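Subject: Structure for you to look at

Hi,

Here is the structure I said I would pass on. Please open it alongside this email and follow along.

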Amino acid sequence: MNEPAPSEPWRGEALTRLEPGEALEAGLVLDLDSRLHYTDGLLLVTDRRLVARRAGGEWQAWPYRTGLRLTHFDHAGVGCLELFDEAARLATWRFTLGQNPAALRLTEAFERQLESHLSGGPVERDE
């Protein structure tokens, strides 16, 4: 298990959203909303699903399945993650570039967990 460091400020809240036996792999503080106003969202990767909390407390989750894809890009100082399936864009999250290192770790964790889920093999970890 590669759980985030206990010093991450979002970790306590994240642990309350886990299902029994579910492992937290990565997290990202989402500090911008869709209008680019400062906010306090949260995006989590677990060993079972991608979980998001928007400002205001609304939670959503996407269990790993064939066709899911998480993309990362930035433009003009704003980072963006987008979740797609075969048919459509499912969600978009924005953040300041100060959060970009955590966004990259989260994207990598998502890809490892999704691949493991789809293949049935162990999670490949970088040494």
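Below is what I found, going from the whole chain down to single residues.

Two housekeeping points before the details. This is a predicted model, so local features need pLDDT of at least 70 and side-chain atom pairs count only at pLDDT 80 or more, while totals for chains, interfaces and linings use all residues. Residues are numbered from 1 along each chain as its sequence is written, and side-chain values use heavy atoms, with hydrogens and water left out.

**The whole chain**

The secondary structure comes to 2 helices and 7 strands, in the order α-β-β-β-β-β-β-β-α along the sequence. Helices (H or I, at least four residues) and strands (E, at least two) are DSSP runs, numbered from the N terminus. The C-alpha trace spans about 40 × 35 × 30 Å along its principal axes. For 127 residues, a compact globule would have a radius of gyration near 14 Å, and the chain agrees with its 14 Å; that value is taken over C-alpha atoms, and the globule rule is 2.2 Å times the number of residues to the power 0.38.

Buried residues make up 42% of the chain. Here buried means under 20% relative accessible area, exposed over 50%, and partly exposed in between (1.4 Å probe, protein chains only). Of the contacts with a separation of 6 or more, 39% are between residues 24 or more positions apart, a contact being heavy atoms within 4.5 Å.

**Strands and hairpins**

Have a look at β3 (residues 49-53): 5 of its 5 residues are buried. In a regular strand the side chains alternate between the two faces of the sheet. In β3 both faces are covered, with R49, V51 and R53 on one side and L50 and A52 on the other.

The β3-β4 hairpin has 5 residues between the strands, and G56 in its turn has a positive phi of about 100°.

Further along, β5 (residues 69-75) and β6 pair antiparallel over 7 bridges, with R69 and F84 as bridge partners. Their hairpin has 2 residues between the strands, and A76 in the turn has a positive phi of about 55°.

**The nonpolar cores**

The largest nonpolar core has 22 residues, and L28, L43, L50, L81, W93 and F110 have the most contacts inside it. β1 (24-32), β2, β3, β6 (78-84), β7 (89-96) and α2 each supply at least two residues, and the largest share, 6 residues, comes from α2. A core here is a set of buried Ala, Val, Leu, Ile, Met, Phe, Trp, Tyr and Cys residues joined through side-chain atoms within 4.5 Å. Beyond its neighbours within four places in sequence, L43 touches residues including L28, L50, L81, W93 and L106. A second, separate core of 6 residues includes W10, A14, L24 and V51.

**Salt bridges**

How many salt bridges does a search of the whole structure find? There are 8, each a side-chain nitrogen of Lys or Arg within 4 Å of a carboxyl oxygen of Asp or Glu. R48 meets E19 at 3.3 Å, N to O. R48 lies in the loop between β2 and β3 and E19 in the loop between α1 (11-15) and β1, so the pair ties together parts 29 residues apart in sequence. E19 also meets R49, at 3.9 Å. R49 is buried, at 12% relative accessible area, whereas E19 is partly exposed at 37%.

R53 and D40 form another salt bridge, the closest N and O atoms being 3.8 Å apart. Since R53 lies in β3 and D40 in β2, the pair ties together parts 13 residues apart in sequence. R53 is buried, with a relative accessible area of 10%, and D40 is partly exposed at 43%. Salt bridges that share partners also join E19, E22, R48 and R49 into one network.

Cheers

Technical notes: Pairing = 2+ DSSP bridges.
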